[in-house]
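Have the model open while you read.

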Amino acid sequence: MDKLTPLLDRAPTPEAMRQLRPADLPRLATELRAEVISAAAETGGHFGGGMGVVELTVALHYVFDTPRDRLIWDVSHQAYPHKILTGRRERIRSIRQRGGLYGFTKREESEYDPFGAAHSSTSISAGLGMALARDLTGGDNRVIAVIGDGAITGGMAWEAMNHAGSLKSRLVVILNDNGMSIAPAVGALNDHLSELRRGKLPSVFAALGFRHEGPVDGHDLKALLATLRRARDTQDEGPVLIHVVTEKGRGHPFQGPDKEQYHAVAKFDPVTFEFKTAKANAPTFTQVFASSLIAAAERDPKLVAITAAMPSGTGLDIFAERFPRRMFDVGIAEQHAVTLAAGLAGEGMTPVCAIYSTFLQRGFDQVVHDVALQRLPVRFAIDRAGLVGQDGATHAGSFDLGYMSMLPGMVVMAPADAVELRRMVATAVAYDEGPIAFRYPRGEASGTDDPQEHRPLAIGRGRLLREGADVAILSLGARLEAVMAAAHELSAAGIEASVADARFCKPIDTELVEGLARHHPLLVTVEDGAIGGFAAHVLNHLAARDLLGHTRFRAFTLPDRFVAHGSPAEQYADSGLDARSIAAGILSALRP
């Protein structure tokens with residue numbers, strides 16, 4: 001038994017924890033918070049959300065009969081303390097590492113994770129579904145949905161509450177109100193929660209048919225236990241919402257405040273609490289985008305920027321410092337963000353909608369109906385394209401090439417390096433004939449940056465970078481660096497490759513594609529997207545022009561599976577998109 005954590009050692013599971021006395025729980029919470037800090041020092045990762053729900057996590061597992069009672073965390077980067085208390089303490093230092101624990105809840109990982117929740121605002125819908133299933137099958141367990149870090153601002157949460165409030169099914173919703181999403185929460189709902197914290201009622205939740213309890217101090221275990229027991233033991237029908245007020249990042253060991261309450265942290269020294277951050281060798285793609293957008297806004301007074309609760313993640317916090325009235329953070333509401341941009345475009349503005357690839361999926365219907373169908377010139381800046389590393393499959397930008405490029409009239413670009421991204425920002429801002437998108441990955445941008453570069457590209461024109469007679473490699477996006485390295489490996493093996501940067505997924509450079517097909521026995525495409533993206537457009541064109549008789553064709557895409565978390569280098573190697581795998585695949589294809 002560790003002398004520093006005697007209670008946590010005695011409580012490796014909720015069943016064991018429930019054998020402790022209520023008087024022991026504050027000490028258990030202290031030990032649990034220390035364990036989260038200790039683990040985060042080794043692994044980094046999502047931190048602030050979990051630190052804020054330590055007491056709530058202890059209380060929930062103490063009062064409710066988990067895993068029989070279903071406990072859903074939303075968003076589940078709050079769930080590090082939950083993982084420690086549910087038999088995963090020994091593996092917590094593997095979190096987000098290849099082969100280790102997932103950074104969010106995951107059904108395959110534990111029976112205590114009844115629902116995987118890595119995108120926000122899903123818990124109430126899932127919980128209501130579980131409650132209805134219980135009612136239909138004669139069960140008597142409880143269902144608890146913990147919704148926090150701004151997830152209540154997502155429209156899906158309100159759709160679920162609208163439905164749940166009209167039913168008699170018993171459901172417990174815990175609103176973890178910490179005033180934050182990743183950045184500070186925004187909007188009228190946040191203002192309403194502030195009023196509720198000051199005791200001004202009635203609440204909008206009661207109006208929707210929920211029995212409303214709170215606000216409750218989320219760090220007062222005595223008050224939490226009493227409130228949760230009432231919710232557990234009530235015989236009243238219908239849903240209850242418990243408003244719990246917490247402090248994101250509570251008990252963090254770092255010097256000074258942080259605007260995101262230490263939402264995510266790098267590895268740090270457990271003694272000095274200094275972060276172990278490697279010095280960047282180059283600006284990130286996000287930073288290049290942000291500075292390019294600011295430069296474009298200097299030239300275009302109608303340019304406005306929109307994000308959905310990710311101002312720092314998309315770089316729009318920097319834009320907002322320069323143009324505070326021209327940046328709109330709409331909260332966790334991608335559907336609204338897209339149609340808001342459509343409305344702005346319809347009135348002659350120049351809207352740039354900056355959203356992560358994985359989150360833009362939530363706004364796809366609006367991209368189709370409200371933007372593409374009306375040919376409105378909305379500019380989509382799609383961050384975190386391709387594989388994103390430790391956040392894993394739920395946050396990977398695997399599908400945007402396919403779901404954007406299939407839309408009529410949509411222009412889709414992907415830069416290979418920093419200068420190309422700057423030119424694509426300029427291209428998108430200048431393009432006024434319909435919707436246009438450019439997608440770029442997480443991390444440092446390759447190539448030599450030039451902040452003065454803002455020449456637009458010719459729509460649908462790629463570039464030839466290297467000539468060779470044996471194989472043509474047509475790359476789209478940031479895998480170009482790996483493609484060039486593969487070409488050098490092939491050259492060492494006596495195979496000379498032409499390498500071209502497509503720049504555009506749609507419209508493709510038909511002249512470039514046809515020339516490569518006619519003059520090489522093998523044409524290969526490389527993209528960091530799923531099947532059905534760039535390669536599909538190239539293959540369709542080759543088939544339409546009867547050029548498949550002139551060349552053989554191979555496509556290097558992400559595999560037809562969800563790629564597990566790990567470092568980006570590990571993920572791309574696992575996916576066959578690193579330089580070695582590309583060279584090996586081409587050599588195999590060239591063999592008779």
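What follows goes from the backbone to the aromatic rings and then to a sheet with its helix.

Keep in mind that this is a predicted model, where local features need pLDDT of at least 70, side-chain atom pairs count only at pLDDT 80 or more, and totals for chains, interfaces and linings use all residues. Numbering runs from 1 along each chain as its sequence is written, and side-chain values use heavy atoms, with hydrogens and water left out.

Most residues other than glycine have a negative phi, and most peptide bonds are trans. Helices (H or I, at least four residues) and strands (E, at least two) are DSSP runs here, numbered from the N terminus. Against that background, the bond between Asp 74 and Val 75 is cis, with omega at about 0°. Val 75 sits in the loop that runs between strand E2 (70-74) and helix H6 (80-88). Another cis bond joins Gly 214 to Pro 215, with omega about 10°, and Pro 215 belongs to strand E5 (residues 211-217).

| Residue | Phi | Loop |
|---|---|---|
| Arg 384 | about 55° | between strand E11 (379-383) and helix H18 (400-405) |

Arg 384 comes out as buried, at 14% relative accessible area. Arg 503 is buried too, with a value of 11%.

**Rings and charges**

A pair of aromatic rings is described by the distance of the centres and the angle of the planes. Rings of Phe, Tyr and Trp (its six-membered ring) pair if their centres lie within 6.5 Å; planes under 30 degrees apart count as stacked, over 60 as edge-to-face and the rest as tilted. The structure has 13 aromatic pairs. One of them is Phe 254 with Phe 268, an edge-to-face case at 4.9 Å centre to centre and 85° between the planes. The two residues are 14 apart in the chain, with Phe 254 in the loop between strand E6 (240-245) and strand E7 (264-265), and Phe 268 in the loop between E7 and helix H12 (285-299). Phe 254 is buried at 7% relative accessible area, and Phe 268 is buried at 0%. Ring pairs also tie Phe 254, Phe 268, Phe 273 and Phe 275 into a cluster.

A charge sits over a ring if NZ of Lys or CZ of Arg is within 6 Å of the ring centre and within 35 degrees of the ring normal. The charged end of Lys 106 does this over Tyr 102, 5.3 Å from the ring centre. Arg 326 lies over the face of Phe 323, at 4.3 Å from the ring centre.

Two strands pair if DSSP finds at least two bridges between them. Five strands form an open sheet in the order E14-E16-E15-E18-E19, with mixed pairing. Its edges are strand E14 (463-466) and strand E19 (552-556), each pairing on one side only. Within the sheet, strand E15 (residues 471-475) and strand E18 (residues 522-526) run parallel over four bridges. Ile 473 has Val 524 in E18 as its bridge partner.

Which strands does helix H20 touch? Helix H20 (residues 480-492) packs on the sheet and touches E14, E15, E16 and E18, contact meaning heavy atoms within 4.5 Å. The direction of H20 makes about 170° with that of E16, using axes fitted to C-alpha atoms (for helices over the stretch in contact) and angles from 0 to 180 degrees between N-to-C directions.

Terms used. Buried < 20%, exposed > 50% of the residue type's maximum accessible area, 1.4 Å probe, protein only.
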